[in-house]
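Dear colleague,

Please find below the structure that I am handing over to you.

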Amino acid sequence: IARTEFLGPGSTLPVKFTSFEAKQAEAGIAIKWNVSDVFNHHYFAIERSTDGTRFEEIHRNNELLENGSSHSFNYLDRDVPVGTTLYYRIKQCDLDDKCRYSEIRRVSVSQKNEAMLIFPVPALDKLTVSYTSNKATDVTISIIDGMGRIVLKQKRPVTPGSVNIPVGIQKLMKGNFTLVLDNGTDSYRQK
């Protein structure tokens, strides 16, 4: 069952969801969504439920978006109990405080291991590498440009558990890059 609302002739929705996924990652539930045709947008709220009907907001994105543009978003929900089923949806509200919801995504949560997530994407001058490790170790973070050249490389110590590693990218030229995190045993990549 779905509820629809007639917005009248010529009405424009604030965004068009082009994709939305929620799936288990090594460090929690990775939530990714893409939107296009942005118009009159105010904010996104990620909502989570344990029963698929009663949802609570777990994160809000208030990023200003340019009208007519397309954007990609990532969020990692780390506070997930193992052995449960969770439901996620994205609430989108416009500047007139009218809100709409994405489809609901269901995720069955199993065990946790090491993993990495990068946010915000895209980033202007700083990004955060969210990493969960099973042990204390040093990690090497490399940023690689489209030509395959390493344009930034940093070595950082991490402790067991979750850690957010800030990475300054203000000296990089605009463009698309790949971030590689190497813990000495495994490598994780994200574009």
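A contact, as the word is used here, means heavy atoms within 4.5 Å. Residues 24 or more positions apart account for 60% of the contacts in the protein chain with a separation of 6 or more.

Some notes on the basis of the work come next. This is a predicted model, in which local features need pLDDT of at least 70 and side-chain atom pairs count only at pLDDT 80 or more, while totals for chains, interfaces and linings use all residues. Residues are numbered from 1 along each chain as its sequence is written, and side-chain values use heavy atoms, with hydrogens and water left out.

Overall composition and confidence

The protein chain has 0 helices and 15 strands; these are DSSP runs numbered from the N terminus, with helices being H or I of at least four residues and strands E of at least two. Of its 191 residues, 41% count as buried, where buried means under 20% relative accessible area, exposed over 50% and partly exposed in between (1.4 Å probe, protein chains only).

The pLDDT, which is the predictor's confidence in each residue from 0 to 100, averages 82 over the protein chain, and 89% of the residues score at least 70. Over residues 1-12 the pLDDT is below 50, and this stretch has 3 contacts in the model beyond near neighbours in sequence. Where pLDDT is low, the predicted coordinates should not be read in detail. Among the elements, β4 has the highest mean pLDDT (94), and strand β15 (residues 187-190) the lowest (78).

The disulfide

The count comes to 1 disulfide, taken as a pair of cysteine sulfur atoms within 2.5 Å. The bond joins cysteine 93 to cysteine 99, with an S to S distance of 1.9 Å. The torsion about this S-S bond is about 105°, so the disulfide is right-handed. Cysteine 93 is buried, at 0% relative accessible area, whereas cysteine 99 is partly exposed at 32%. Aspartate 97 is found in the loop between β6 (85-94) and β7 (99-101). Aspartate 97 has a positive phi of about 65° although it is not a glycine, and counts as exposed at 59% relative accessibility.

Isoleucine 118 is found in strand β9 (residues 115-119) and is buried, with a relative accessible area of 5%. Beyond its neighbours within four places in sequence, isoleucine 118 is in contact with Asn74, Leu127, Thr128, Leu179 and Gln190. In the loop between β9 and β10 (126-133) lies proline 120, which a cis peptide bond joins to phenylalanine 119, with omega about -15°. Proline 122 is found in that loop too, and a cis peptide bond with omega about 0° joins valine 121 and proline 122.

The largest pocket

The largest pocket has a volume of about 540 Å³. On a 1 Å grid over the protein atoms alone, a pocket is an open set of points where a 1.4 Å probe fits, with protein on both sides within 12 Å along at least five of seven lines; lining residues have an atom within 4 Å of a point. Grid points are joined across faces, edges and corners, and the volume is the space filled by probe spheres set on the points. Of the 20 residues that line the largest pocket, the closest to its centre are Pro122, Ala123, Ile169, Gly175 and Phe177.
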